[in-house]
Amino acid sequence: MARVRRRSFLLGVSAAAAGALTMRATAAGAAGRGTRSASQILASVKTSTLTPRQITPYVPPAGTAPAGVNSVGRADYPFIRDGRSLPTRVWYPVGPGPYPLLVFSHGMLSQPDDYAALLVSWALTGVVVAAPLYPHTSLGTAAFNAYDVANQPLDASAVLTQVAAQNTASGPLRGRIDASRMAAAGHSAGGITTVGMFSAYRDERLQAGIVLAGTDFLATPFTGAPAAMLFVHGRKDDTVSWSAGHTVFEAVPWSRAMLSFTDGGHQTSTAEFPTVSRGGAAFLRWALYGGTPALSAGSLATLEDQLSAARTSAGSAS
């Protein structure tokens, strides 16, 4: 069991990681989904073709959210999906539980530990956070393929299934997971992966999604039962444009909110970190248990909040 303090770091690791979405992928590695899919994935970082949608309000399930904890444990699992290796690091609250489950998808040329400060901060509020290492988009992979993002939504869903199964297995997660309350989040390529879980590869178990500096997944509209979505994006992001992210936000047909950092780039700065951490935690608490969203933009961002007071007409202020 690891005792972890709250700390503020940058999300992401380097300029190379920030720019990876626009670089040419190597031919090596697992096959993606063809040239058309590949070009769509890269094109959507500058503009999205999704159209605004009217909102069907999402109603959170009733329940009492678990209390926060003082320490977080860490466990590693060697998960696999159809021969795809998905080693997964899990941060879990050290407390009585059970706790909701969130799968987090890292960005291009990144890894789960790059986001540890954020993921630990959410675990401290009472969330089990599972973060897989994707086989062909992670830092250090010997077979990098940017287009393999197309395969990652199914990877993330498989990780949710396999982590949830640990609730009844021997080990540190036994009795800690409430599989009736699930969410997904991700940054950059991981944000695209997360959107894919609510669109082309809709995982109906998901009740909430957090998209950090992301865009659409293969230009596929959102589908399935209502869920809640939170977008976080820097207006000066030169890797995945804010306008692309905002277009996807307006295309969500359910309760939605967007935090836009006025001077923010592709990565979250130390100054912006507390807003992202607290905002994500408050959003998850509301989406998974009800009550009041209690989102706040602070002094560095603006907030478009269409969660509890969902509009019935398409479009929103920008």
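**Second cavity.** I began with the second largest cavity, whose volume comes to about 70 Å³; a cavity here is a set of points, on a 1 Å grid over the protein atoms alone, where a 1.4 Å probe fits but cannot get out, and a volume is the space filled by probe spheres set on the points, which are joined across faces, edges and corners. I noted that this is a predicted model, in which local features need pLDDT of at least 70 and side-chain atom pairs count only at pLDDT 80 or more, while totals for chains, interfaces and linings use all residues. Residues are numbered from 1 along each chain as its sequence is written, and side-chain values use heavy atoms, with hydrogens and water left out.

I then listed the lining, meaning residues with an atom within 4 Å of a point, and found among them Pro 66, Pro 100, Val 127 and Tyr 289. Helix α7 (residues 273–289) supplies the largest share, 5 residues; helices (H or I, at least four residues) and strands (E, at least two) are DSSP runs numbered from the N terminus. By class I recorded 8 nonpolar, 2 polar and 1 charged residues, where Ala, Val, Leu, Ile, Met, Phe, Trp, Tyr, Cys and Pro count as nonpolar, Asp, Glu, Lys and Arg as charged, and the others, Gly among them, as polar.

**Largest cavity.** I counted 3 cavities of 30 Å³ or more in the structure, and the largest has a volume of about 80 Å³. Its lining includes His 187, His 233, His 266 and Glu 272, and strand β7 (residues 228–234) gives the most to this lining, with 3 residues. The classes here are 4 nonpolar, 7 polar and 1 charged residues.

**Helix α5.** I checked burial next, with buried meaning under 20% relative accessible area, exposed over 50% and partly exposed in between (1.4 Å probe, protein chains only). In α5 (residues 189–196), 8 of the 8 residues are buried, so the helix is largely enclosed by the rest of the structure. These buried residues pack against β3 (99–105), α4, β5 and β6 (206–212).

**Gln 166.** I located Gln 166 in the loop between α4 (152–164) and β5 (177–187), and it counts as buried because its relative accessibility is 16%. Leaving aside neighbours within four places in sequence, I found Gln 166 in contact (heavy atoms within 4.5 Å) with Tyr 77, Phe 79, Leu 173 and Arg 174. Tyr 77 lies 89 residues from Gln 166 in sequence, yet their C-alpha atoms are 10.0 Å apart. The Gln 166 side chain also reaches the backbone oxygen of Gln 162 at 3.4 Å.

Conventions. A polar contact is a pair of N or O atoms within 3.5 Å; within protein, one must be able to donate a hydrogen and the other to accept it, and residues adjacent in sequence count only if both atoms are side-chain atoms. On a 1 Å grid over the protein atoms alone, a cavity is a set of points where a 1.4 Å probe fits but cannot get out, and a pocket is an open set with protein on both sides within 12 Å along at least five of seven lines; lining residues have an atom within 4 Å of a point.
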